[in-house]
Number of protein chains: 2
Amino acid sequence: MRTLELVDELAAIVGRAHVLTDPDVVAGHVVDWTGHWVGSTCAVVRPADTAETSAVLAACHRAGVAVVPQGGNTGLVGGSVPMRGELVLSTARLDEIERVDPIGRTIAAGAGVTVARAQQAARAHDLDLGVDLASRDSATLGGIVATNAGGIRMIKNGNTRHQVLGLEAVLADGRTVSRWKELTKDNVGYDLPGLLAGSEGTLAVITRVLMRLVVPPRETHVALIGVGTVGVALRLIAEIQRAGITVEAAELMTRAGIHLVRTHCALRPPLAADPAYYLLVEVSGRPETQAALFDVLEDAGPNVLDAAVEQGPAHRLWRYREGHTEAVSAESSTPPVKLDLSTPVREIEPFLSALGEDLAESAPAVRAICFGHLGDGNIHVNLLDVAADDRDAVTDTVLRRVALHDGSISAEHGIGRAKARWIGLGRSDVDLDIMRSIRAALDPARLLNPHILPAK
Amino acid sequence: MRTLELVDELAAIVGRAHVLTDPDVVAGHVVDWTGHWVGSTCAVVRPADTAETSAVLAACHRAGVAVVPQGGNTGLVGGSVPMRGELVLSTARLDEIERVDPIGRTIAAGAGVTVARAQQAARAHDLDLGVDLASRDSATLGGIVATNAGGIRMIKNGNTRHQVLGLEAVLADGRTVSRWKELTKDNVGYDLPGLLAGSEGTLAVITRVLMRLVVPPRETHVALIGVGTVGVALRLIAEIQRAGITVEAAELMTRAGIHLVRTHCALRPPLAADPAYYLLVEVSGRPETQAALFDVLEDAGPNVLDAAVEQGPAHRLWRYREGHTEAVSAESSTPPVKLDLSTPVREIEPFLSALGEDLAESAPAVRAICFGHLGDGNIHVNLLDVAADDRDAVTDTVLRRVALHDGSISAEHGIGRAKARWIGLGRSDVDLDIMRSIRAALDPARLLNPHILPAK
């Protein structure tokens, strides 16, 4: 048996204990956390370092066995699940925090280190990772780089790709490549780390990452602001920034979303008014910032229907935003359809309005709860009460609608398997050809994550 | 004659007036502005739009004629000069500012639009381009993207690559690819705009760019601070940022540099002390910022040897920094050797010190004036009084030294022709192989800027 021989070969590289084949043991590696994507694997292999990763990939390459790299397996698009027996290369043991440099403000760590552990290590030096997201306890640094994760801190720090200074990675044939310099400026050839970021494991397996750290804000203030239109919310953000105030987060919610969260979490109405849109803004800066924020809100006059402001690290107002995910899951009669999209900011309101009409016509029983990162035009569309047979049809409706508004069918989650059939809504044929040719240059046999970015 | 036939074909595409072959007319296109790189061209072609660019490249592809894309031709590494008769594709007529969107904060423009014109267009909407550099009146948007230009605003805004939201570009075979969405988050496949940024015209010809705009600071303050070590300067920057003050620029200069500028520009000593290092910091924020800045400087105690602070748009203190380029050129008995490097910030001082020793030993007659962007670890090494025959040898000394300090042989200028022979100091063999294979995937005949990133 070729697979058995390969398993023996891999055991010789990483140790028998780190080649998992028992169906019970590998079960957690062949399903994503939503339970929607379920596959199978010939083995889960856990190399201890880059050298072992290289040997594992070289062995798979010789055997012609496809490999799915897997970090925390927290993705939402089925990108880290082996679908047809591919070998899973788990980064779980690449878990060393090698160094936090407080002067250069960098962290060097194995790809399997979780976001939460990296944050903790940075915070011990009064610094922080520039990326934060809800799955921080499981999501890994290698995973957030490979998927170019977003999150709520992106309005200030940019996405994960912008935080990456260096990478070590192994190609499909086992060759190791390293860009490992604590430099923000290094114009020597193509931006390989930037190319690997967001490539969803199709070009190389990331084994080590070198990321920039940010100076955390000394004090922050949160305002929950009621507005009648998205346009008013956008102008407010601009006014706040123009007043010299740093915006740490800007989250948009709707009346329907706030109602759902209040019902589920038994929260009081946050504002006396019940506006169409709720804007949650977190700002930072000097101690005078809160007064400056009040000035901006006052200058906005009747456009601000109502506002609540609070100071301090444990912001009560954030609960109205953070409650959305849980409320959506709990209050839907079926597993919610969760789509992560973006549009140009000026298209947010037209998109939401047109989407409402689309759904009223084609799926009147479905409830849509939309919220997102306003500054990035990033909207999380959550569809409740969708019958199992209708999931693809409503997804199709939403993705076609977002394409009509010059938006992206995937803002921060990637394409994975979930959106593979809609990739043509996001990229032209020439663009897809270019991507395939780059992939073919690095992995001609298509052994790395073969189900992502399908061949023509 | 094949070339004559091609010229006729190109004239039919762009109009006879836009295919330049007269030696006097093309003279400015075959030499860089330092006069160091001089080549020759079969013709300079100026397409009016993407469609004409596509037709021109397709014709060159069929004829097997190599093409050098050229914007403002302000590069410092010979990257935009045709060396052996290649056709020059000038972006001069791709000069339309299509749109400034004050809500989405974006600018859409032809690749041939100069940085200064784009800045002007943005400022009409009380916004600004995130990139600024001394060659702004000639450098083009296509050029700064293709070279991933840096500049003094990078500490706040990131480099040019980070400002790019979308691109339209033409491949070597004439195919057009477009990523053109006003989105900061769009995780659909590989980051093609990021890959083209910094590729120095080797992967495609950029014809249109879509860039983000930034909110300019409402008021800024400048401090010139005397310190005894680079470490103190770095800690000061960190303290200023931790105090919630936004740093717009942080420039490091040396005693030798300040002396040279004072001599050449007839300026008074900026500080009573004459410290080893001068740190120029520009900060922005709320009106209280100046007081906050004073607090930080006072808290630093005796580490700050002296400081001058001023407010307002026309900062007198900047003259000490800006005078460097002119002073270096004027005060050197030979054309200065200008090298653009970066090191990890903690290596700046060890590097400068070791470089001084290297040069004292190998080239004692050479004066080195170093200055740069402190936050980025970006150092401009200027070598004065270098004999023509010694240029390569001193360049070799500096580049080998920076490699020993884990630095980059090119921080913001690119590799071009000037540093091609030293590329191995910056990238491993596997890395170079990967870059070559990506290039081969997009331009198998190596027709685009063939002298950049040489074949193995």
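Guide: Before we start, one term: two strands pair if DSSP finds at least two bridges between them. Also, keep in mind that this is a predicted model.

Visitor: Thanks! With that in mind, how many bridges join β5 to β6 in chain B?

Guide: Four bridges join β5(B), residues 97-101, to β6(B), residues 106-110. The two strands run antiparallel.

Visitor: Which residue is the bridge partner of D101(B)?

Guide: That is T106(B), in β6(B).

Visitor: And what sits between those two strands?

Guide: The hairpin of β5(B) and β6(B) has four residues between the strands. In this hairpin R105(B) takes a positive phi near 55°.

Visitor: Let's switch to chain A. How is it divided?

Guide: Chain A has domain 1 (1-88), domain 2 (95-212), domain 3 (218-319) and domain 4 (331-427).

Visitor: How far apart are the centres of domain 1 and domain 4 in chain A?

Guide: Their C-alpha centres lie 32 Å apart. The contact between domain 1 of chain A and domain 4 of chain A takes seven residues from each of them.

Visitor: How much area do those two bury between them?

Guide: Domain 1 and domain 4 of chain A bury about 630 Å², with 72% of it on carbon and sulfur atoms. On the side of domain 1 of chain A, W37(A), L76(A) and V77(A) supply 69% of the area buried against domain 4 of chain A, more than any other three residues.

Visitor: New topic: what is the strand order in the open sheet of chain A?

Guide: The order is β1-β2-β4-β3 (chain A), four strands with mixed pairing.

Visitor: Why does one side of β1 and of β3 lack a neighbour?

Guide: β1 (19-20) and β3 (67-70) of chain A stand at the edges and each has a single partner strand, so one side of each is left without a neighbour in the sheet.

Visitor: How does β1 join β2 in chain A?

Guide: Two bridges join β1(A) to β2(A), residues 44-45, and these strands run antiparallel. Here L20(A) stands opposite V44(A) in β2(A).

Visitor: Now the two chains. How many residues of chain A are in contact with chain B?

Guide: 90 residues of chain A are in contact with 90 residues of chain B. The chains bury about 7,100 Å² between them, 53% of it on carbon and sulfur atoms.

Visitor: Which residues of chain A lose the most area to chain B?

Guide: They are K185(A), N187(A) and Y190(A), together 14% of what that side buries.

Visitor: And how many salt bridges are there between chain A and chain B?

Guide: There are 16 salt bridges between chain A and chain B. In one salt bridge the side chains of R346(A) and E182(B) meet at 2.6 Å, N to O. The chains also have 40 residue pairs in polar contact.

Visitor: Which elements of chain A give two or more residues to that side?

Guide: Among them are β5 (97-101), α9 (230-242) and α15 (429-442) of chain A. α15(A) gives the most to the side that touches chain B, with 10 residues.

Visitor: Last one: how do the residues on that side of chain A divide?

Guide: The residues of chain A that touch chain B divide into 33 nonpolar, 32 polar and 25 charged.

Terms used:
Residues numbered from 1 in each chain as written. Chains lettered and ligands numbered in written order. Predicted model: local features only at pLDDT ≥ 70, side-chain atom pairs only at ≥ 80, totals over all residues. Heavy atoms only, no water. Domains from an automatic or database assignment. Contact = heavy atoms within 4.5 Å. Buried area = accessible area lost by both parts, 1.4 Å probe. Salt bridge = Lys/Arg side-chain N within 4 Å of Asp/Glu carboxyl O. Polar contact = N/O pair within 3.5 Å; in protein donor to acceptor, adjacent residues only side chain to side chain. Nonpolar A, V, L, I, M, F, W, Y, C, P; charged D, E, K, R; others polar.
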